[in-house]
Amino acid sequence: MLKIDVLTIFPRMIEAGLAEGVVGRARTAGLLDVVVHNLRDFTTDKHHVVDDVPFGGGPGMVMKPEPFFAALSAIRAQRGAPDAVILLSPAGERFSQDGARRLSALGHFVLLCGRYEGIDERVREVLATEELSIGDYVLSGGEIPALAVIDAAARLVPGVVGDDSSVEADSFTRGLLDYPHYTRPAEFEGRQVPEVLLSGHHAEIRRWRREAALQRTQQRRPDLLATAALDAHEREWLKRSKS
Ligand code: 4FV
């Protein structure tokens, strides 16, 4: 069971993103224990203010440190000390499938969601044990990155995705892009499903899928080939396809 705490000023955004599909079922089944905390509940003024003007001037507002510190102390008291406190920000280490695997193996982690121009630096300095980015673009908040991290990590918790073999077959699990998927009808818009997939010849189907994944990775993400876990057949295929 994986325990996750999320600190945000928009708890409904997180709850909505966790209510459906495999992650929603995993929460109901008790495989995933996610608690969403509203930072405003950790303010002391009657207006529940969570932001303030930036020292040094400039546009926008900055999130105050006190609500984050108060919330994390409450989490430690109620849920135990977390294994990791993760700040989502564009300045973080790029999140990846490896990162998802690492987090899914932890017992308990906390996600800090920023809004406005960002969070007071002392939260990063004192509370965060690591920082993650989901990509080089600026979002209006850390909630969508938090949902991406939770979803990717949750899928790797045994039992969350019904048939674990589909997790093994996922893109990036072996460091390659996924092979093309088809379903009925066998012909659509004048386009046929590749014969081999209708053949029932499982060894031939596995070979076709591996080569399709290699080809797609070679065309679109050759950078991945350097780190992909390839077997002799796949390395041979790549050598031939390059020549
Ligand atoms: C982001 C990202 C991101 C920056 C300021 C929230 C926003 C605002 N987080 N990967 N890309 N965060 O854009 O993680 O507070």
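Q: What's the relative accessible area of Ile144, and which class does that put it in?
A: Ile144 has a relative accessible area of 47%, so it counts as partly exposed. The cut-offs are under 20% for buried and over 50% for exposed, with partly exposed in between, using a 1.4 Å probe and protein chains only. Keep in mind that this is a predicted model: local features need pLDDT of at least 70, side-chain atom pairs count only at pLDDT 80 or more, and totals for chains, interfaces and linings use all residues. Residues are numbered from 1 along each chain as its sequence is written, and side-chain values use heavy atoms, leaving out hydrogens and water.

Q: Ok, and where does Ile144 sit?
A: Ile144 is in helix α6, which covers residues 143-154. Helices (H or I, at least four residues) and strands (E, at least two) are DSSP runs, numbered from the N terminus.

Q: Which residues make up the nonpolar surface patch?
A: Ile144 is part of that patch, together with Phe10, Met13, Tyr137 and Leu139, and the patch comes to about 430 Å². Patch members have over 30% relative accessible area and no salt bridge; like charges are joined within 9 Å, nonpolar side chains (Val, Leu, Ile, Met, Phe, Trp, Tyr) within 5 Å. The areas come from the Shrake-Rupley method with a 1.4 Å probe, and for residues only the protein chains shown count as cover.

Q: Let's zoom out. How many helices and strands does the protein chain have?
A: The protein chain has ten helices and nine strands. Its C-alpha trace spans about 70 × 40 × 35 Å along the principal axes. There are 243 residues in the protein chain, and 41% of them are buried.

Q: Give me a buried one. Why does Val161 count as buried?
A: Because its relative accessibility is 7%. Val161 is in the loop between α6 and α7, and α7 is residues 164-168.

Q: How far apart are Val161 and Val6?
A: In sequence, Val161 and Val6 are 155 residues apart, while in space the two C-alphas are 22 Å apart.

Q: What about Tyr116, what's its phi?
A: The phi of Tyr116 is about 55°, which is positive although the residue is not a glycine. Tyr116 lies in the loop between β6 (108-112) and α5, and it is partly exposed at 35% relative accessibility.

Q: And Glu189, what does its phi look like?
A: Glu189 also isn't a glycine, and its phi is positive too, near 55°. Glu189 is in the loop between β8 and β9 (191-192). At 65% relative accessibility, Glu189 counts as exposed.

Q: How many salt bridges are there?
A: The structure holds 16 of them. A salt bridge here is a side-chain nitrogen of Lys or Arg within 4 Å of a carboxyl oxygen of Asp or Glu.

Q: Which residue does Asp136 pair with?
A: Asp136 pairs with Arg94, and the closest N and O atoms are 3.3 Å apart. Asp136 lies in the loop between β7 and α6 while Arg94 is in strand β5, so the bridge ties together parts that are 42 residues apart in sequence. Asp136 is exposed at 68% relative accessibility, whereas Arg94 is partly exposed at 46%.

Q: How about Arg102, what's its partner?
A: Arg102 forms a salt bridge with Glu130, with the closest N and O atoms 2.8 Å apart. Since Arg102 is in helix α4 (residues 97-104) and Glu130 is in strand β7, the pair ties together parts 28 residues apart in sequence. Arg102 is partly exposed at 36% relative accessibility, but Glu130 counts as buried at 18%.

Q: Where do Glu236 and Lys239 lie?
A: Both are in helix α10 (residues 232-242), three residues apart, which is about one turn of the helix. Glu236 is partly exposed, with a relative accessible area of 35%, and Lys239 is exposed at 54%.
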